Amino acid sequence: MADEPLYANIVIRETGPAEAEIRGEISLARVENHRAAVLRALQGRVSLPGFRPGHISENILLSHVGEAALFEDMAELAIREAYPRIIEEQRLAPIGKPSVSLTRCAPGNPVGFLIRTALMPTVTLPDYRAIAREIFGGKEVAVEITEQEVADALLQIRQALATRQKRNAAAVDGDKNTEPPPELTDELVKDIGSFASVADFTEKLRGQIKYEKGLRLAEKKRIEASERLVERSQTTIPAVITESELEALLARFMHDIERSGAAFPDYLAHIGKSEEDIRRDLRPKADKNAKLQVVLNEIARAENLRPQNKEIERLTTLALKREPKADPEAARAHITMMLANEAVFQFLEKEGAVATQ
């Protein structure tokens with residue numbers, strides 16, 4: 001096995017601007033090398049009456065999932081093992097998650113595969129340091145908080161408390177509670193959290209409002225910097241990146257609709273649009289987001305801005321605890337991208353700040 005190559009018969013073909021497909025095959029010996037790992041994974045995944053989790057015999061397990069399904073999982077693991085080596089040896093620079101399909105997958109035979117991937121396109125960057133100075137330079141604007149903002153926030157909190165009281169009262173003696181929002185007292189704010197008094201609560205609320213207002217101001221500057229980076233850069237974006245961004249935008253859009261309490265099909269019927277209409281509406285934003293991501297990737301590469309592996313693993317572990325069914329590889333790729341983007345914006349902000357000193 002040590003001398004068995006990871007893959008063979010690699011053929012690479014460009015399929016579009018910054019897009020390529022990789023065809024090849026994995027030997028049967030390499031595929032079989034993953035049998036034990038796949039069986040262990042299936043043991044943890046499959047639940048059968050009369051068997052404790054992880055204690056299903058191999059024969060029973062195979063009779064349930066089938067040899068073909070087992071072999072397919074083994075083949076996918078073998079391709080995943082080979083992919084980084086293919087990329088390195090063929091001197092490719094992929095971006096995003098590749099699309100992998102099996103072109104030949106029969107137990108007892110070598111496996112054929114097809115990988116479609118976007119490649120890092122050629123990017124002509126603008127003078128991003130100058131853009132940083134334009135946006136993040138100059139005298140820092142002080143964040144001001146008005147008394148009206150504090151009063152409005154206090155009223156919202158009182159109204160939320162009144163809603164909670166009304167809900168609790170309705171559970172006891174029907175929907176009869178019509179009390180106005182309660183006045184804040186020292187006792188009430190102590191029940192809300194670690195506050196010594198109404199004055200302490202108000203002062204900490206003022207600080208929170210100022211902090212959130214500062215975040216919005218910083219985000220506004222980042223959006224402005226992003227707009228200029230996109231406008232002044234030249235590149236051709238692979239369709240697969242744009243489509244991936246479009247799918248992400250659509251998923252978030254659907255999630256927001258469902259969080260509001262409406263079913264997505266009902267929402268479409270109400271506004272008289274189809275899902276394809278929504279996709280068409282979102283496409284310009286997807287195009288812009290895709291170009292921005294490519295530009296940020298190139299700046300990160302040019303400035304050697306790389307997230308720490310420990311932080312990637314820490315955040316990936318947390319994400320998978322929150323969403324156990326999520327794809328670990330996709331979660332890790334997304335978190336790596338987010339951390340790299342944050343590193344680029346911090347670099348640009350620092351560049352702007354240094355220019356004003």
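How are helices H5 and H8 oriented to each other, roughly parallel or roughly antiparallel? In this predicted model, in which local features need pLDDT of at least 70, side-chain atom pairs count only at pLDDT 80 or more, and totals for chains, interfaces and linings use all residues, helix H5 (residues 128–136) packs against helix H8 (residues 198–232) at an angle of about 150 degrees, with the axes 10 Å apart. Residues are numbered from 1 along each chain as its sequence is written, and side-chain values use heavy atoms, with hydrogens and water left out. Axes are lines fitted to C-alpha atoms, for helices over the stretch in contact, and angles run from 0 to 180 degrees between N-to-C directions. Angles under 35 degrees count as roughly parallel, over 145 as roughly antiparallel, 65 to 115 as roughly perpendicular and the rest as oblique; H5 and H8 are therefore roughly antiparallel to each other. The crossing of H5 over H8 is right-handed (a crossing is right-handed if the near helix is turned clockwise from the far one by less than a right angle, and left-handed if anticlockwise). On the H5 side, Tyr128, Ile131, Glu134, Ile135 and Phe136 meet a set of H8 residues that includes Lys221, Arg222, Glu224 and Leu229, where contact means heavy atoms within 4.5 Å.

Across the protein chain, the secondary structure comes to 13 helices and six strands, with helices (H or I, at least four residues) and strands (E, at least two) taken as DSSP runs numbered from the N terminus. Of the 357 residues in the chain, 32% are buried (buried means under 20% relative accessible area, exposed over 50% and partly exposed in between, with a 1.4 Å probe and protein chains only). Among contacts with a separation of 6 or more, 70% are between residues 24 or more positions apart.

The structure holds five aromatic pairs, for which the ring centres of Phe, Tyr and Trp (its six-membered ring) must lie within 6.5 Å, with planes under 30 degrees apart counted as stacked, over 60 as edge-to-face and the rest as tilted. One of these is the edge-to-face pair of Phe195 and Phe201, with 4.9 Å from centre to centre and 85 degrees between the planes; Phe201 is buried, at 5% relative accessibility. The rings of Phe253 and Phe264 also form a pair, with centres 6.3 Å apart and planes at 85 degrees, so this pair is edge-to-face. Because Phe253 lies in helix H9 (residues 239–259) and Phe264 in helix H10 (residues 264–271), the pair ties together parts that are eleven residues apart in sequence. Phe253 is partly exposed at 22% relative accessibility, whereas Phe264 is buried, with a relative accessible area of 4%. Together with Tyr267, Phe253 and Phe264 form one aromatic cluster.

Strands E1 (residues 8–16) and E2 (residues 19–26) run antiparallel and are joined by six bridges, strands being paired if DSSP finds at least two bridges between them. Ala8 has Glu25 as its bridge partner in E2. Two residues lie between the strands of this hairpin, in which Ala18 takes a positive phi near 60 degrees.

Most residues other than glycine have a negative phi.
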